[in-house]
Amino acid sequence: MVINAYGLDFKELNAKIRAVGSDCVVEGCIGQRYIGEGLDGVTLKLYGTPGNTLGGYLNGATIEVFGNAQDEVGDTMNAGRIIVHGNIGDAAGYAMRGGVICVRGNAGYRTGIHMKEYKDKRPVIIIGGYTGSFLGEYQAGGVIIVLGLGGPSPYTGNIVGEFPCTGMHGGKLFLRGRAEGVDFPAQVNVRLAGEEDRAELAGHLEIFAYSFGYPLGWLLDSDYTVVTPNTKRPYKQLYVQN
Amino acid sequence: MKLVEGRVRIPSGCAISGIISRDRRKFTGERIVESMKVMRERSNGLGGGFAAYGIYPKYKDSYALHIFYNDSNAKRECEAFLNEHFEIDEASELPTRKIPEITDEPLIWRYFALPRPSRLAASQLDEREYTARCVFAINARIDGAYVFSSGKNMGVFKAVGYPEDVGRFYMLDEYEGYMFIGHGRYPTNTPGWWGGAHPFSLLDFAVVHNGEISSYDANRRFIEMFGYRCALMTDTEVITYILDYLIRHVGLTLEESASVIAAPFWSSIAKKPPEERERLTYLRTMFPSLLVTGPFSIIFCFEGGMMALNDRLKLRSMVTAEKGDMVYVASEECAIRAVEPDAENLRYPSGGEPVIVTLNGGKDNA
């Protein structure tokens, strides 16, 4: 089933997608927000430029975007997959608590802000290119992986922007390479990935390798840096005397 | 009591878009309206507006004053002031199209005017400063009159409504210019009023803004020391005056002005190469009260081009792209794709990084 999004507002478009109730292709997206919101069990293939909060509250569906996505991709998503062949804007995976966001290109500011996890829910964000500043701000859970395959950001010379992991208190960040020249806050631990980390990473990267045609072995043939929060009450006395 | 801008502050999003032909090729206002239309969800119908450059070639040497009047008394009083201070080439109602989406319009008049030579000489001011002071005098002293556009060969068109309706109301499709900016408003601190819609403009400068600045009062107190009057309590107005002050009075470049209002953190400055560090330290130290904090993305236009800028934390979105001699700036990529599906060199500027576009063969600065 093919839906032409041209001239439809976001309510009309989402109603059409829900009415189809099975896999569909949406052509001519031009800024419609909330595409696939809360959707479960189907696959959407999107062409054009989908609007903000793509796949917000996604609950198991798969969304594949053959182009760029805008801000707040996968806002508060619970389960499912969002695969973007281009770049994404700011605040991707905002408060996400399950599922996977997999991006071939670059990401904007605040990727994975307030990401969390709960029991078997462990969200994953994989960025093939570089990210903007405040990567993983207030990260409370889940996994963020930045590969920097296209080289470093022209803004910082690193594959991440300024102030990564600010306020991090849970979860895990993987950066391809040794993260030389990246300034991390005092409240996190930074180390090279060990065997166990690499085994975990290999599992996460399968979808990226498969979606964009990279050999998994080639992706793994590199040093990786792992960042986790410092578990010794890192923010003690930051706000109150306790 | 009727909610009037400047008297009520309600604790506060928006859409912005800009299109420029670096070769000064003209196109109609339809494009900017089309660009704004796809970002409708960013506005709530309480304000929309546009600035258009190169639209008055017949009167290119005169100041084009666009004025809102509440009633004919305000108009009479204002015209007496104008006749005293300016020679008026033409006075007419600004052409509008009556549409059901736009209601309660004030009287909207346009004057092509030049300062009276004798008054100008007596004032010992340059022509632009003289005109700016007259604009402030009208806006502060004549109740019910508000000059919302005062540049040469450019004009601001704004109203309460959604941007695409405001564009139709002012018949933007009938104007041809080389640069347009648009704004869709979601007012948060003030009730929507025609004068409070964006762009805010003084002389040929115009600003559209998406955001909510937290330094408003600190900025206002400083800028009012230099004769500016922040009449509307809206943060965009103060940004317009800050840029006018830094560029026209202090003589800073656009880049320097950007380093003042979106100054990097001291920790970021410490990491810069020595010369850059010195420059940034100097600007932060000289103009601490003009640091604008809180989320903003702005497009600042002048006769020779535009500057797009985000707050240093980049709490609002902005995308830029190019196609041939055309440059596009917008809150969302879709607003660019809507008018140029094949746009190239898509970029997401960093917080505090000014994107400056100037006309080919023109000046590098405002």
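Here is a short tour, going from chain A as a whole to the interface and then to a few backbone spots.

First, some ground rules: this is a predicted model, in which local features need pLDDT of at least 70 and side-chain atom pairs count only at pLDDT 80 or more, while totals for chains, interfaces and linings use all residues. Residues are numbered from 1 along each chain as its sequence is written, and chains are lettered from A and ligands numbered from 1 in the order in which they are written.

**Stop 1: chain A, whole**

Select chain A and switch to cartoon. Trace the chain along its sequence and the order reads β-α-β-β-β-β-β-β-β-β-β-α-α-β.

Now zoom out. Along the principal axes, the C-alpha atoms of chain A fill a box of roughly 50 × 45 × 35 Å. The radius of gyration of chain A is 18 Å, which agrees with the value near 18 Å for a compact globule of 242 residues. That radius is taken over C-alpha atoms, and the globule rule is 2.2 Å times the number of residues to the power 0.38.

How much of chain A is buried? The share is 52% of the 242 residues. A residue is buried if 20 or more other C-beta atoms lie within 10 Å of its own, exposed if 12 or fewer, and partly exposed in between, with C-beta atoms placed from the backbone.

**Stop 2: where A meets B**

Show both chains. The contact takes 16 residues from chain A and 15 residues from chain B, counting two residues as in contact if their C-beta atoms, placed from the backbone, lie within 7 Å. On the chain A side there are three nonpolar residues, nine polar and four charged. Nonpolar means Ala, Val, Leu, Ile, Met, Phe, Trp, Tyr, Cys and Pro; charged means Asp, Glu, Lys and Arg; the others, Gly among them, are polar.

**Stop 3**

Most residues other than glycine have a negative phi, and most peptide bonds are trans.

- Select His114(A), in the loop between β6 (100–103) and β7 (124–127) of chain A. Its phi is positive, about 60 degrees, though it is not a glycine. His114(A) counts as partly exposed because it has 19 C-beta neighbours inside 10 Å.
- Jump to Ala179(A), in the loop between β9 (170–176) and β10 (188–192) of chain A. Its phi is also positive, near 55 degrees. Ala179(A) has 24 C-beta neighbours inside 10 Å, so it counts as buried.
- Finish on Pro199(B), in the loop between β10 (179–185) and β11 (200–202) of chain B. The peptide bond from His198(B) to Pro199(B) is cis, with omega near 0 degrees.

How values were computed: Helices (H or I, at least four residues) and strands (E, at least two) are DSSP runs, numbered from the N terminus.
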